Amino acid sequence: MYRKTSLFLAISWRNLSRKNICLLFGLFFALSPLAYSQAPLVGSWKGDLDLGFQKLPLLFHFEGNAGNWKGKMDSPSQGAEGIPLTKVLFDGMMLLVEIEPLQATFEGVLQEGEFRGQFNQNGFKLPLTLLKQTGVASGSGTVNRPQEPKGPFPYETMEVTFVSGTEKIALKGTITKPAGEGPFPAVVLVTGSGPQNRNGELLGHKPFWVIADFLTRQGIVVFRYDERGVGQSEGSFDGTTSWQFAEDARAAMERLPYFEFVDPNQIGLIGHSEGGLIAWILGAEQKQLPNFVLALAPPVVPIAELMERQTEDAIRATGAPETLAKSQGAFNRSLYQAIAEADNPASAKNSLTQVLEIHGTQQGLSGSQLEKQVTDQLSSFEQLLDPWFYHFIRTDPGTLIRQLTLPVWAAFGEKDVQVNAAENGDALRKILPDNARHVIKSYPALNHLFQTAKTGAVSEYGEIEETFNVQVIQDMVDWIKQLH
């Protein structure tokens with residue numbers, strides 16, 4: 001994929017749903033490696049980057065010898081493995097590591113068998129100590145995912161190619177067909193933000209594979225696909241807006257009636273997170289398809305409001321002080337407002353620069369110090385200047401939802417720190433007519449990924465064994481079947 005990320009950055013809902021998951025409110029991972037000589041540098045080293053309100057574990061793996069060191073870095077809690085180190089210098093005592101794509105460095109000194117030093121990224125500096133590990137290899141972390149489907153399967157699987165957009169991009173996907181002739185109801189699965197494959201793969205979890213397996217076993221055809229520029233699909237992910245992703249989802253949906261085993265009057269969408277927004281977009285078009293939509297943790301309030309709340313909720317989930325949550329939320333609000341009010345994506349950079357200059361001046365900076373901080377921060381906030389973000393931050397999902405005339409099933413996790421359940425669920429209940437065609441559910445113990453969680457913090461996603469709560473999937477199945 002992936003978008004360039006940096007350690008201290010404004011929260012990006014888009015990147016959070018992606019494979020290189022970033023720690024919400026902007027602790028976008030990027031870190032450094034370390035080493036050891038005496039025993040010698042070769043091997044794995046672990047350290048916890050103390051962010052004040054949360055600790056981010058890092059694993060650095062080194063190989064080679066004097067004058068020819070190289071290595072990789074893992075961030076296990078973010079599901080990131082094998083990030084290459086640009087430069088590794090070690091003289092038996094001093095260690096220097098550089099990671100150019102992340103604009104980060106680590107400098108440490110070997111003391112009492114550990115490297116004690118400082119991690120630096122875009123002007124942000126934090127202490128970091130690394131300890132030698134035994135029996136650890138890059139990318140070797142094993143995780144237990146008991147829900148991942150295992151064959152033999154009582155249904156048919158077929159690989160499908162379809163074409164989308166004016167560019168005629170060829171997208172690849174998988175259809176799972178229940179046993180029998182049908183016709184069966186069918187759904188297209190639409191992923192959340194960031195480049196994702198057909199399984200919605202994230203932190204060792206494959207939620208769309210789990211959902212597809214469950215639904216197909218219960219008589220529902222499921223179509224899931226690799227997003228443009230991901231997996232086997234053609235095209236480029238970068239610069240693509242939510243409305244273009246909606247074109248891809250529509251193309252997948254309109255491919256289904258060509259299969260005789262699909263009921264052409266029972267074709268719907270299941271969208272998660274930004275995929276829920278895409279469900280709103282396609283439903284609001286009021287075309288023949290979709291016949292129904294299911295939205296999992298969908299945005300309902302204006303996106304700028306949602307992301308500000310996301311920042312605060314994510315920080316609170318780490319146990320950080322309320323003052324930090326509020327101050328970071330206020331800072332992010334100023335960034336989002338600057339971009340949303342810009343005349344076009346190109347002018348957004350000037351607006352963002354002005355906000356950062358004001359913020360730096362309030363911190364007492366001036367002259368070259370102010371100029372350097374603004375330059376460094378602009379580099380960190382580069383993803384906020386992406387055309388996708390410019391259109392995304394200006395979106396009010398409520399205007400789309402008010403145009404829906406089809407049945408809607410929506411679900412929220414009450415421990416979700418990315419899409420606040422109370423705020424968005426209440427807003428949806430006020431917008432949708434109160435009738436039997438619509439179902440809005442809240443699940444008390446579930447997070448944004450619909451896992452049973454303790455706090456809902458993003459750092460828990462990879463640690464939780466559950467991939468997707470079975471009761472939620474069963475509720476979706478029951479609702480789809482009762483539509484007949």
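This is a predicted model: local features need pLDDT of at least 70, side-chain atom pairs count only at pLDDT 80 or more; totals for chains, interfaces and linings use all residues.
Okay, confidence to start with. The chain has a mean pLDDT of 85, with 88% of its residues at 70 or more. The stretch to be careful with is residues 1-39, where pLDDT is below 50. That stretch still has 233 contacts in the model beyond near neighbours in sequence.

Now helix 6, so please look at residues 322-340. We have 19 residues there, and from first C-alpha to last the helix reaches 26 Å, close to the 27 Å expected at 1.5 Å a residue. Which of its residues are buried? Those are Ala325, Gly329, Phe331, Asn332, Leu335, Tyr336, Ala338 and Ile339. As for what covers them, the list includes helix 5 (303-317), helix 7 (345-362) and helix 9 (387-393).

On to the rings. The count is 15 aromatic pairs. One of them is Trp69 with Phe90, edge-to-face, 6.3 Å centre to centre and 70 degrees between the planes. Trp69 sits in the loop between strand 2 (55-63) and strand 3 (70-75), while Phe90 is in strand 5 (residues 87-90), so this pair ties together parts 21 residues apart in sequence.

Phe237 is buried at 5% relative accessible area, and Phe245 is buried at 4%.

Last one: Lys177 puts its charged end over the ring of Phe261, 5.7 Å from the ring centre.

Definitions and conventions:
Residues are numbered from 1 along each chain as its sequence is written. Side-chain values use heavy atoms; hydrogens and water are left out. pLDDT is the predictor's confidence in each residue, from 0 to 100. Contact means heavy atoms within 4.5 Å. Helices (H or I, at least four residues) and strands (E, at least two) are DSSP runs, numbered from the N terminus. The expected span of a helix is 1.5 Å times one less than its number of residues. Buried means under 20% relative accessible area, exposed over 50%, partly exposed in between (1.4 Å probe, protein chains only). Rings of Phe, Tyr and Trp (its six-membered ring) pair if their centres lie within 6.5 Å; planes under 30 degrees apart count as stacked, over 60 as edge-to-face and the rest as tilted. A charge sits over a ring if NZ of Lys or CZ of Arg is within 6 Å of the ring centre and within 35 degrees of the ring normal.
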